[in-house]
Amino acid sequence: MSIDEPRVGPDGCGGNAAPYVLGALTEHEHEAFARHIESCAVCREEVAALQLVASALPAAAPQLSAPPELKRRVMSSVRADARKRESQELRRGRASEPGRTSRPAASAWLRWRPNLAVAALAVAVIALAVVALSSGGSAGGGTRVIRAQVLVPRASASLSVSDGHAQLSLAGMPQSAPGHVYEVWLKRSASGKALPTDALFTVAANGAATVGVPGSVDGVREIMVTSEPLGGSRVPTLPALIVARVS
Amino acid sequence: MPMFKPLRSGREGSAAGLGVLADEELMQLVYTGQPAAFEAIYDRHADAAFSLAYRMCGQRALAEDVVQEAFLSLWRSGARYDRARGSVRTWVLGVVHNRAIDALRRRTVHDRGRISDEGIEERLAAPERTDVEFARRDEAREIRDALEQLPDEQSRVIELAYFGGLTHVQIASMLDAPVGTIKGRMRLGLAKMRMALGDPTEVLP
């Protein structure tokens with residue numbers, strides 16, 4: 001970016017990039033400019049360049065230690081939230097126990113992208129077939145069970161691979177955060193990109209889920225699970241929570 | 001090669017036990033409702049968050065409120081961290097900055113006397129303990145130098161905007177200068193800082 005040459009877009013819009021990254025626009029102006037840079041490459045480029053400096057500005061403030069009582073207050077609220085959420089999950093778990101009718105039981109809450117309903121149905125049939133084989137104990141022979149690495153404390157995951165298809169079994173997983181869902185990814189090489197699948201799911205109240213991995217896993221090196229916004233992502237937004245090494 | 005070390009220590013991971021994880025990995029755990037992971041994130045970034053909030057608000061109580069609001073909003077809202085947009089630290093400080101701006105703009109003109117808590121800088125000065133903290137201190141010095149080396153008119157508008165929470169219109173009114181001039185000074189100042197800092201990629205994670 002040249003200092004001497006003002007960056008102005010074709011419609012003369014270049015002046016708001018600096019106040020935008022400094023937080024110096026009004027709320028209304030900020031929202032309008034945020035919409036504008038979605039379609040203006042010139043402003044978007046300028047914002048990206050200036051944002052690097054603006055993001056460094058906090059370091060220019062005298063560095064202080066946060067008061068210990070502030071941490072006590074914050075963590076007290078956080079733990080209270082977590083306890084409340086845990087007790088809600090427990091209540092939901094009891095409600096879904098056999099014999100209780102207040103809520104339909106769901107052993108695995110698979111959710112699929114709506115526009116892929118037909119493909120999803122086909123995959124679900126495959127998944128159900130794999131579940132049936134495994135639970136019947138007759139899968140033996142060609143079924144390989146792989147223990148997955150799990151980032152979440154207390155949780156576990158294993159992958160059953162049979163005839164080129166795989167099924168993930170999870171236990172002890174936390175409920176998805178509001179507005180989020182778990183997503184299954186495939187990786188074909190160690191350095192390759194994680195490829196999204198249509199397997200989006202939540203876990204049952206007890207943290208369990210059984211998920212069929214869509215398609216064949218022939219040539220797949222790793223199967224991963226991440227937490228993503230509802231509807232899933234095309235690129236993982238964060239590192240994987242679960243990684244199962246297939247080959 | 002595994003992407004991370006499996007962690008299954010005890011019924012719930014402790015903040016200390018989670019210390020080996022990167023911020024991004026911790027954020028995955030935060031989204032699954034793990035207080036210990038959130039505590040680890042808090043421990044890593046609370047000092048920087050409080051420093052920024054105090055620099056902006058000038059009052060300890062208000063700065064504490066801002067930091068508390070910011071961290072609890074991260075925990076409760078499920079606000080999404082996107083690593084494509086920068087480090088977790090940058091993201092956290094961005095949320096703190098926005099909260100502090102809201103707090104400052106909520107205050108009436110009558111409240112806007114910047115009464116600093118006397119001596120707070122000495123009482124709460126962050127100690128330099130680790131290599132990372134030393135590196136951050138060096139980085140902070142470079143950034144302060146870059147800001148101070150700007151012409152006064154440029155550093156002033158940047159400070160009034162970023163740390164003072166003022167809009168470009170308010171700054172123009174305060175300095176009795178056209179809005180376009182104020183915007184130009186902001187842009188020139190930031191561009192010069194960028195060159196002085198050697199095109200910084202980001203603050204240290």
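A: The expected span of a helix is 1.5 Å times one less than its number of residues, and helices here are DSSP runs of H or I with at least four residues, strands being runs of E with at least two, numbered from the N terminus. This is a predicted model, in which local features need pLDDT of at least 70 and side-chain atom pairs count only at pLDDT 80 or more, while totals for chains, interfaces and linings use all residues. Residues are numbered from 1 along each chain as its sequence is written, and chains are lettered from A and ligands numbered from 1 in the order in which they are written.

Q: Where is the kink in α2(B) centred?

A: A bend at a residue is the angle between axes fitted to the seven residues ending there and the seven starting there; in α2(B) there is a kink of about 50°, centred on B:H45. Following α2(B) comes B:G58, whose phi is positive, near 75°.

Q: Why is α2(B) described as largely enclosed?

A: A residue is buried if 20 or more other C-beta atoms, placed from the backbone, lie within 10 Å of its own, exposed if 12 or fewer, and partly exposed in between. Because 20 of the 23 residues of α2(B) are buried, the helix is largely enclosed by the rest of the structure.

Q: In what order do the strands of the open sheet in chain A run?

A: Strands pair if DSSP finds at least two bridges between them, and here four strands form an open sheet in the order β2-β4-β5-β8 (chain A), with antiparallel pairing. Within this sheet β4(A) and β5(A) pair over seven bridges, and A:S160 stands opposite A:Q167 in β5(A).

Q: Is A:G164 buried or exposed?

A: A:G164, found in the loop between β4 (156-162) and β5 (165-171) of chain A, counts as exposed because it has 12 C-beta neighbours inside 10 Å. Even so, A:G164 and A:V217, 53 residues apart in sequence, are 5.4 Å apart in space, C-alpha to C-alpha.
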